[in-house]
Amino acid sequence: MAEWIGIGRRARRCYGFDEIALVPGDKTINPQETDATLELAGRKFNVPILAAAMDGVVDVKFAIEMSKLGGIAVLNLDGVQTRYENPDTVLKEIAKASTPKATALIQSVYTKPIKEKLISKRIKEIKQAEAVAVVSCIPSNAERFAKIAVEAGADIFVVQSTVTTTKHISRAYKSLDLSKFCKSAKIPVIIGNCVTYNTTVALLETGAQGLLIGIGPGTACTTRGVLGIGVPQVTATIDAAAARDFYFKRTGRYIPIITDGGMNRGGDICKAFACGADAVMIGSSFARAKEAPGRGYHWGMATSHENLPRGTRIYVGRTGSLKEILFGPAKVDDGSQNLMGALKTSMGSLGLTGIKQMHDVEIIIAPSIQTEGKIFQVDQRVGMGK
């Protein structure tokens, strides 16, 4: 599988979503009769899509609306929602700032300490609306924040960092024992992020009830550019899925994997499921929603490397409501809206009735799919030609 990249050095070829395509089967099914239900942490969700724990994507109002629509929105406990009584004021200030001032402003915003009472307040606000409360934080805050989250009524707790392993070594501080944490937590725990087979197996053995897969591919992620670290999502998802299946055969426990990042169109999401994902987590598509708190901008926090800039801001514009992004009708032609419609239509065209059946779809290497026959789209600046 590896190719020579120089004298005495070989590298494995890995693939991203733009390099593959799915092959239709020998039958088709009415998309309305397909089942895209996700089973995660003992719950069923009609939408197998999670909104990323980014300050410009999820706030309390967004989390409530996402839950009502059948999906999951993850609230970032390390961000502005738990540092400021009125985070909207801060987000508006960031959105209005000029690009040169934006990074410095974002860095200053995160110097204000997190208020534990706000953690409890935000979770209770979500639960009072009878919505599912899913929250996230970095490993160093996990033990302290989890206790508060459980008392406030949170349903699922996510421990997330840029790169997560079960063997974090440090002389400067005590690292989080993930196995101990999962066993002591009174609510289901999801862990992320990882991309390799061995690490996925090790993290599954901690008792986590879900894993986030993805390092480097996100729209606002700077990991690959700053650290040179990352694996394209097709390869990362397939490797992690193989680890999940191995763990299931050995233990009888099926733990969902969630492909996180690198997707902003319906086609990307369909490919993620074909590669073995049980769910996906996206940010940029939801940052465009009218309900998103980012006011047209979103950024990614450097969570596990304090010497890195706190965030990189990118303009994403507005494309419609959260309902339109998930269920349509689409008002744009670039595949960023009606994501569930795209998934169910793809399943129907592939002749499949359930998400797990997607895992066995034939996949081909097809990098030309982005340009093949698209000359008129380019000329008219529509669809893929934009």
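Predicted model: local features only at pLDDT ≥ 70, side-chain atom pairs only at ≥ 80, totals over all residues.

Colleague: How many helices and strands does the protein chain have?

Modeller: The protein chain has 14 helices and 16 strands. It is 386 residues long, and 54% of these count as buried. Among the contacts in the chain with a separation of 6 or more, 65% are between residues 24 or more positions apart.

Colleague: How do I read strand pairing?

Modeller: Strands in a sheet are paired through backbone hydrogen bonds, and the pairing is either parallel or antiparallel. Take strand S1, residues 2-6, and strand S2, residues 9-12: they pair in the antiparallel sense over four bridges. Gly6 has Arg9 in S2 as its bridge partner.

Colleague: What do S1 and S2 form, and how many residues lie between them?

Modeller: They form a hairpin, with two residues between the strands. Gly8 sits in the turn and has a positive phi of about 70 degrees.

Colleague: Which strands make up the closed barrel?

Modeller: The barrel has eight strands, in the order S6-S7-S8-S9-S10-S11-S12-S13, and the pairing is parallel. From one strand to the next, the twist averages 30 degrees. Helix H1, residues 60-68, packs on the sheet and touches strand S6 (49-51) and strand S7 (72-76). The direction of H1 makes about 160 degrees with that of S7.

Colleague: Is strand S10 mostly covered or mostly exposed?

Modeller: S10, residues 189-194, is mostly covered, with six of its six residues buried.

Colleague: Now the helices. How is a packed pair described?

Modeller: Two values are used for two packed helices: the angle between the axes and the distance between them. Helix H2 (residues 87-96) and helix H3 (residues 99-109) pack at about 160 degrees, with their axes 9 Å apart. Angles over 145 degrees count as roughly antiparallel, so H2 is roughly antiparallel to H3. H2 passes H3 in a left-handed crossing.

Colleague: Which residues of H2 and H3 meet?

Modeller: Val90, Glu93 and Ile94 in H2 meet Leu105, Ile106 and Val109 in H3. The residues of this contact divide into five nonpolar, no polar and one charged.

Colleague: At what angle do H4 and H5 cross?

Modeller: Helix H4, residues 116-128, and helix H5, residues 139-152, cross at roughly 35 degrees, and their axes come within 9 Å. This crossing is right-handed. On the H4 side the contact includes Ile119, Ile123 and Lys127, and on the H5 side it includes Phe145, Ile148 and Ala152. The contact residues divide into six nonpolar, one polar and four charged.

Colleague: Last, a single residue. Why does Ala287 count as buried?

Modeller: The cut-off for buried is under 20% relative accessible area. Ala287 counts as buried because its relative accessibility is 0%. Ala287 is found in helix H11, residues 284-287. Ala52 is 235 residues from Ala287 along the chain, and their C-alpha atoms are separated by 9.4 Å.

Conventions
Residues numbered from 1 in each chain as written. Heavy atoms only, no water. Pairing = 2+ DSSP bridges. Axes fitted to C-alpha atoms, helices over the stretch in contact; angles between N-to-C directions. Parallel < 35°, antiparallel > 145°, perpendicular 65-115°, else oblique. Left-handed = near helix turned anticlockwise from the far one by under 90°. Contact = heavy atoms within 4.5 Å. Nonpolar A, V, L, I, M, F, W, Y, C, P; charged D, E, K, R; others polar. Buried < 20%, exposed > 50% of the residue type's maximum accessible area, 1.4 Å probe, protein only.
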